[in-house]
There are 4 protein chains.
Amino acid sequence: MKIEAILQETYNEVIGFENIGETASYIPELAGVDPDLFGVHISTLDGKSCGIGNYQEKFSIQSIAKTLSVTYAYQMLGDKIWEKVGVEPSGTAFNSLVQLEADYGKPRNPFLNAGAIVISDILISNLSNPKDDFLDFVRSIDDNNQIAYSRKIAQSEKEVGYRNIALCNFIKSFGLIDNEPSDVLDFYFTLCSIEMTCEELSRTFLYLSNNGISPKNNRELLTESQSKRVNALMQTCGFYDESGEFAFKVGLPGKSGVSGGIVAVHPDQYSIAVWSPRLNPKGNSYKGMKFLEAFTTKSRLSIF
Amino acid sequence: MKIEAILQETYNEVIGFENIGETASYIPELAGVDPDLFGVHISTLDGKSCGIGNYQEKFSIQSIAKTLSVTYAYQMLGDKIWEKVGVEPSGTAFNSLVQLEADYGKPRNPFLNAGAIVISDILISNLSNPKDDFLDFVRSIDDNNQIAYSRKIAQSEKEVGYRNIALCNFIKSFGLIDNEPSDVLDFYFTLCSIEMTCEELSRTFLYLSNNGISPKNNRELLTESQSKRVNALMQTCGFYDESGEFAFKVGLPGKSGVSGGIVAVHPDQYSIAVWSPRLNPKGNSYKGMKFLEAFTTKSRLSIF
Amino acid sequence: MKIEAILQETYNEVIGFENIGETASYIPELAGVDPDLFGVHISTLDGKSCGIGNYQEKFSIQSIAKTLSVTYAYQMLGDKIWEKVGVEPSGTAFNSLVQLEADYGKPRNPFLNAGAIVISDILISNLSNPKDDFLDFVRSIDDNNQIAYSRKIAQSEKEVGYRNIALCNFIKSFGLIDNEPSDVLDFYFTLCSIEMTCEELSRTFLYLSNNGISPKNNRELLTESQSKRVNALMQTCGFYDESGEFAFKVGLPGKSGVSGGIVAVHPDQYSIAVWSPRLNPKGNSYKGMKFLEAFTTKSRLSIF
Amino acid sequence: MKIEAILQETYNEVIGFENIGETASYIPELAGVDPDLFGVHISTLDGKSCGIGNYQEKFSIQSIAKTLSVTYAYQMLGDKIWEKVGVEPSGTAFNSLVQLEADYGKPRNPFLNAGAIVISDILISNLSNPKDDFLDFVRSIDDNNQIAYSRKIAQSEKEVGYRNIALCNFIKSFGLIDNEPSDVLDFYFTLCSIEMTCEELSRTFLYLSNNGISPKNNRELLTESQSKRVNALMQTCGFYDESGEFAFKVGLPGKSGVSGGIVAVHPDQYSIAVWSPRLNPKGNSYKGMKFLEAFTTKSRLSIF
């Protein structure tokens, strides 16, 4: 069966599932999104592109952006970034402070909020115009200037971001943040507010299926080894304390966001994005997980 | 370059590395092994077999046996086993009790000692002659009757196994162990004492590269989906709190043992075993990790 | 108002309170006790003695015995015992293993199960006939040969004592237990099974109101300084993670047991025992706490 | 021996001890204090007053002020304050975030930084001019208008108070802080900056020896029961994870500050203050602890 057919068949099946869970309530702007939107899009290295449902609707990609920020920092600074952030799954929730205290402020991995905040600090220390430069970087991956920040969402998040303020100041108290916490968080909330459609998302992430090279413009975003390592990180840490479950059931490196988006990549083959705003108790898209599980089962295309 | 050549080249390179770390000191019988033995063996699905160094020397595979016990339990009982043990990385050491207390006795995954003890309990509840039946199962994978337990090592471990006695009784206090702790531990220590050579190890684990089917005798040990899931579990949890590092640097599902053995599988391609008794601070073979990192880099054959 | 009158008045008031909570269910023999028994007894240094309700009924004093075992070990070995067990409140439940792991097996204080197990190990290393010697010691305090162990309760506890087996083996794995875990636990369960009436309990504990000297026979059980320190320990640690609450509401050094007994002492004045088997969620006697709170409020005799 | 003589004798003894430890380095203004200053002062309920050494030197009392803020909040709002902060020792350091996460943001007691921050929030919600009103309250206890804040120290602390910013925002994320974190922290840093001499400190705290009544002006600051409870809290929680040790060795309710001050009270008898800036590893005055241990041993006046 062709991949477009499998996608359609999986979509038809999953659309019928009861859609349970709530949208993220702690960010007011996210809470207002229609919880029953559902879109998927796949881009393959051999040039296929196929979307179903609300795959052309923009949503803020939230924590999915952490993969892009770690890519950018890794590209600029290489393995030096691992001095300030680890590569291990944490076994704890995305916003936990517990492990930080035991580890003297060093986040276990760059996909926890704590780790992404450290990466944000690294980026603003190394960029002239952090927000502009980062957006340019993201746009350059697939030559797509339609990608933009949502000021409203960044602002909404900032107003209630007490937990992230706590995380940033906590890490700063251990000396692992160089810039002012308010500057770091302003950048962090902004990068999480990037909006994309499922189509843009699957196209943008194709470089991770392609050993770090953008198939659109042949730009090397990461070396082959770095690209494999970012995939490994997504596999072991991309879903917080549900990373094991995602590897177990879906079997692809992936990254989720609290807006209900998930992107997953199959090295040497494809990148797939799915969006459904209702979240399971671990903060990952309920239907998105179900869809990807069904899709890799049907397509028999997990990496394992 | 052919895979045998890459293996040899990697071996030549890594043999020259300084060999640091100590052998596991807490099991008297293991502490006595020559710490500088070093062997590797690869078996490929297309029938190649190649070993270098001390690859025909027997050693007790220790925690590597946990993959075999979870395979056997999964085969017999299916997804029911996940009611008693999770599929998440724990972020803690192999013998930690901390997370167990927070999780009411349910181990995070079957590769932690706690999880393997729960799997042992499940097995003895479901087998007539647990030790004999389990050994028969292991032997049947590659039709190899040379595989046997080491009574001396099982006994040695039992005499000093206070931490594991603690783990087993702790879980029992939450009601998640059905049998007597002393029976469960007797079985657990016995299965960890299984001795194999690198060659036997890589051959035995080939079923995980082959979607659950033994290439030797076509016996289905696991369904395709189950086989992928065991690989996913090894990827996210096989190296305790160094699992992220192994995925990051090596990029293959694998499992280590405190005797200094590591086995890793590349789905649809090969299974590779390496043995070097000196351990790094996380309890994984120092040189074994180095070897596999260099091997997947050279062969460019990581799953990511 | 005379102390007997206050006792009576408090009793009358508290007997009318709704009696909530359950008896300890995990020790079969304790679960069978009539949950609505209620007795109190006070012994003063100036020779008064007054009991009300079921104050002449025997019950196993359980963890209250930990004060007697620490007294005995302190008497024999002096400050050396604090090398193996601390003097800090733990902030955790009586049977928690979490802190032990962070503290390399050293219990925070001798009133946690872990700490009392370490004290038990110390005692059996230093006594010829541990059980007989300890019972003789307890009997000698108030020249009372009616005090005895309950073999039935010790046995009952032993059969289900998985958590304590876990604790003991866990500490042993850190090298802080010298004897065989099964011997240590046999002694530990036995000493917890000592049976006394409220009257015997308040009389036995009078030495802690009297700077370490038994008022009955002038035997010095502890030096003045040691006696004050045992009281300080009961004040900060005697009620596990409800120690602060007990200091706050009752304001006397005291020790509770899972059988529903509590003993408290007012230095230079009196010792008081109360028994009511229903426990609050922290494992301390619901009505016993209420009684002592009302009693110290009415008598205005807290140490603070 | 008279109490003045015991004080002198103890002083002579302890002044000769090696003075180890460092001053608090994280607050720049505190780090600059002469580390070898040493003063003590006792005030008794029967009117004696005696000081030795640098007892008339001002220092910022830091966390000792937490006793005064909890007194003020308790006076105004009664037991309602315990809905937002507990009365249990935590077993963790003064600035730990770990327990907060497990307890959904509710601090274990008002003497942890977290707890004092919650009390600060309560005070600013209930005062028209929080800083002025609080200072007036403190001054009114002993009719002493010489007591004042140190703006320099408050400012110094604010500039590096990342850990406290983290704590405050973390608690706010659980909904247990009503005001803006920056306002709460401004008040918190200010109240910790109050400067007193040992003499002023021992006089100010005399109300806690006197059942809540100022002996200077007969003002009721707390009811008798409340006063006992604040003492109980100081006993179980006043020295963070060294509270047990202080109860064990000194045997008086007390409160320490990171500037090297300690105040302790003996109910119905006296209040004593000691100041020596070098801190032990738990953050309490090294020589202050030694002095009080020797003093209560010599005077035989512990509460136990």
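In this predicted model, chain D can be superposed on chain A with an RMSD of 0.0 Å, by a turn of 180° together with a shift of 0.0 Å along the axis. Within chain D, Ala166(D) has the C-alpha nearest that axis, at 1.9 Å from it.

**Chain D against chain A**

- The contact between these two chains draws 12 residues from chain D and 12 residues from chain A.
- On the side of chain D that touches chain A, the elements that contribute two or more residues are helix H4 (98-102) and helix H8 (162-173) of chain D.
- Of the elements on this side of chain D, H8(D) gives the most, with 8 residues.
- By residue class, the side of chain D that touches chain A is made up of 6 nonpolar, 3 polar and 3 charged residues.
- The same surface serves both copies here, in that 100% of the contact residues of chain D recur in chain A.

**Chain A against chain B**

- In this pairing, 31 residues of chain A are in contact with 31 residues of chain B.
- The elements that supply two or more residues to the side of chain A that touches chain B are helix H11 (224-237) and helix H12 (243-249) of chain A.
- H11(A) provides the largest share of this side of chain A, namely 9 residues.
- When the residues on the side of chain A that touches chain B are sorted by class, 11 are nonpolar, 14 are polar and 6 are charged.
- Both copies use the same surface in this pairing, as 100% of the contact residues of chain A recur in chain B.

**Pairs without contact**

- Chain A and chain C are joined by no contact, and the closest C-alpha atoms of these two chains lie 10 Å apart.
- Chain B and chain D are likewise joined by no contact, with their closest C-alpha atoms lying 10 Å apart.

Conventions
Residues are numbered from 1 along each chain as its sequence is written. Chains are lettered from A and ligands numbered from 1 in the order in which they are written. This is a predicted model: local features need pLDDT of at least 70, side-chain atom pairs count only at pLDDT 80 or more; totals for chains, interfaces and linings use all residues. Two residues are in contact if their C-beta atoms, placed from the backbone, lie within 7 Å. Copies are superposed by least squares on the C-alpha atoms of residues with pLDDT of at least 70 in both. Helices (H or I, at least four residues) and strands (E, at least two) are DSSP runs, numbered from the N terminus. Ala, Val, Leu, Ile, Met, Phe, Trp, Tyr, Cys and Pro count as nonpolar, Asp, Glu, Lys and Arg as charged, and the others, Gly among them, as polar.
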